[in-house]
Amino acid sequence: MRGLLALTVFGGGIAHATLAPALRIADVAPDIPLIVVVLLALRRGPEFGCVGGFAAGLLQDAAGGGLIGVQALTKALVGFGIGTLGARLRVTQPLVQVPGLVFLSVAEGLVRFALLKLFHFPAPFVELMSYVVLPQALYNGFLGAALVLALAWTEARQRDAS
């Protein structure tokens with residue numbers, strides 16, 4: 001579990017730092033650590049999601065130069081929440097995981113905005129939702145769908161090989 005956690009934290013952070021600018025479409029970049037945390041929390045549970053989300057968010061906060069701890073808190077909450085729901089609901093189908101990823105991306109953006117408002121963040125809510133949170137959530141959904149399909153294909157290949 002430690003190896004997977006380290007892979008989640010550093011792999012998502014490195015992918016976000018290196019791939020996200022290349023994957024940027026019209027100033028919208030995917031939140032790769034959030035996608036990785038959600039997909040792995042669905043498979044590993046709430047503890048893994050919480051710890052992985054906190055570490056990935058803290059790494060993102062440190063690399064981004066913003067307020068330290070905001071993304072760590074929101075990603076830890078998302079990882080714990082989706083890990084808890086994944087244990088209680090049947091969320092193994094990609095048609096459930098991808099809309100869930102979009103919903104959690106919006107929820108994470110709203111919580112992050114609320115936390116930043118506590119520190120007098122100057123951006124208006126409507127502009128932030130229109131130009132940042134909703135486009136990024138949709139982009140996360142498309143990228144997450146590709147990752148979910150790749151994971152399903154990999155798991156099917158492993159079952160066929162054994």
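This is a predicted model: local features need pLDDT of at least 70, side-chain atom pairs count only at pLDDT 80 or more; totals for chains, interfaces and linings use all residues.
A helix here is a DSSP run of H or I at least four residues long, and helices are numbered from the N terminus.

We can start with the second largest pocket. Which helix gives the largest share of its lining? That helix is α2, with 4 residues. Both α2 (32–44) and α6 supply at least two residues of this lining. You can look for the lining residues by name: V36, L39, L40, R43, L147 and L151. By type, they divide into 5 nonpolar, no polar and 1 charged.

Now turn to the largest pocket, which is lined by 26 residues. Nearest its centre lie Q60, Q71, R112, V132 and Q136. Several helices take part: α1 (2–23), α3 (46–64), α4 (70–88), α5 (94–118) and α6 (125–161) each supply at least two residues of the lining. In this pocket the largest share, 5 residues, comes from α6. The lining of the largest pocket contains 13 nonpolar, 8 polar and 5 charged residues.

| Pocket | Volume | Largest share of the lining |
|---|---|---|
| Largest pocket | about 600 Å³ | α6, 5 residues |
| Second largest pocket | about 180 Å³ | α2, 4 residues |

Key. Residues are numbered from 1 along each chain as its sequence is written. Side-chain values use heavy atoms; hydrogens and water are left out. On a 1 Å grid over the protein atoms alone, a cavity is a set of points where a 1.4 Å probe fits but cannot get out, and a pocket is an open set with protein on both sides within 12 Å along at least five of seven lines; lining residues have an atom within 4 Å of a point. Grid points are joined across faces, edges and corners, and a volume is the space filled by probe spheres set on the points. Ala, Val, Leu, Ile, Met, Phe, Trp, Tyr, Cys and Pro count as nonpolar, Asp, Glu, Lys and Arg as charged, and the others, Gly among them, as polar.
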